[in-house]
Amino acid sequence: MEDKDSIDIFFEEYTASLNFLVTDGSYEPPLIDRQSTWGSIIYKVSDLDIALELSLDARDFVVSTYIILFSEASKPEVGYVSLGKVVCLFLEEVLERLIAKFPSVQEDLKQWKVSVERHHKRVRRSLKALKMPDTEVVRELFRTDAQWVAHFLRQYREEIIRYARNYWGL
Amino acid sequence: MKTRVEPYARRIGAETIDDWLAGRKWTLELNAVWVQEMMKQGRRVIDIGPDFARRAKGVAPSTAYGLERKLLKGYLNYERRFLRWRKLRGGNPEIDRHEPWHYIPDGF
């Protein structure tokens, strides 16, 4: 890959697509963190111990999107669980729970996977050849995924938060 | 959740490739150099396994992790700290999501 760092591209694309969460006041400004091999963006829901987390593993260009129990999952030593309790739910999992109420989610989830996989395949091809992928390929991958995440949040954010509140008893 | 590696390393007081890179940009080449350097120094290498939760969502195995496993094959100070059941289930109970049947070890 060229000079542009994949983590910078990750920050640019996801914050651009998800900025609406902050401008309408329902989420706090993003918390951004990075190391050489990962980057993360957390949008905390205003007045709730719940947040949306986007986490990039820069070693394989995979972005995972979670709904997290903020006070626990944002601790540096916590992974998926804390004291035996799951504190990190995949957005995809939460959306799957909504299918019964919103049948169109099923098709959207399928399309999300297909479109991201199409871009990620190109990334994997480069990595398999022990080459870093081209900047534009990485940007397209992140942009596509970010737009899908934005789509789901525009459509179903209240339901997503309701599910998370019930899950953690908040 | 940043990645699984960092939270676990913090818990046990270990270092990760990020400590070695010290702000440098990650590349596959540097990843390989790091593994070779750790082996040269005789360091204990702890493997917490792949992210099974991610794999179960259909994410392809990590090329970097595959490269590390290849380089570490036969290394005496390699320590495996995860359990696996078939391709998509397993993990490290301290950081990963689990149900009891996720942790039936290989060969059961």
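In β2(A), Ile41(A) stands opposite Ile32(A). The model is a predicted one, in which local features need pLDDT of at least 70, side-chain atom pairs count only at pLDDT 80 or more, and totals for chains, interfaces and linings use all residues. Residues are numbered from 1 along each chain as its sequence is written, while chains are lettered from A and ligands numbered from 1 in the order in which they are written.

Strands β1 (residues 31-34) and β2 (residues 38-44) of chain A run antiparallel and are joined by four bridges. Strands are DSSP runs of E with at least two residues, helices are runs of H or I with at least four, and both are numbered from the N terminus. Pairing requires at least two DSSP bridges. Three residues separate β1(A) from β2(A) in a hairpin.

Ile41(A) is also in contact with Tyr14(A) (C-beta atoms, placed from the backbone, within 7 Å).

The largest nonpolar core holds 59 residues. Such a core joins buried Ala, Val, Leu, Ile, Met, Phe, Trp, Tyr and Cys residues through C-beta atoms within 7 Å. Buried residues have 20 or more other C-beta atoms within 10 Å of their own. Among the members touching the most others are Phe10(A), Tyr14(A), Tyr43(A) and Phe142(A). Helix α5 (residues 135-168) of chain A gives the most to this core, with ten residues.

Between the chains, 30 residues of chain B are in contact with 32 residues of chain A. On the side of chain B that touches chain A, α1(B) gives the most, with four residues.

Notes. Buried ≥ 20, exposed ≤ 12 C-beta atoms within 10 Å, placed from the backbone. Contact = placed C-beta atoms within 7 Å. Lists of a residue's contacts leave out its neighbours within four places in sequence.
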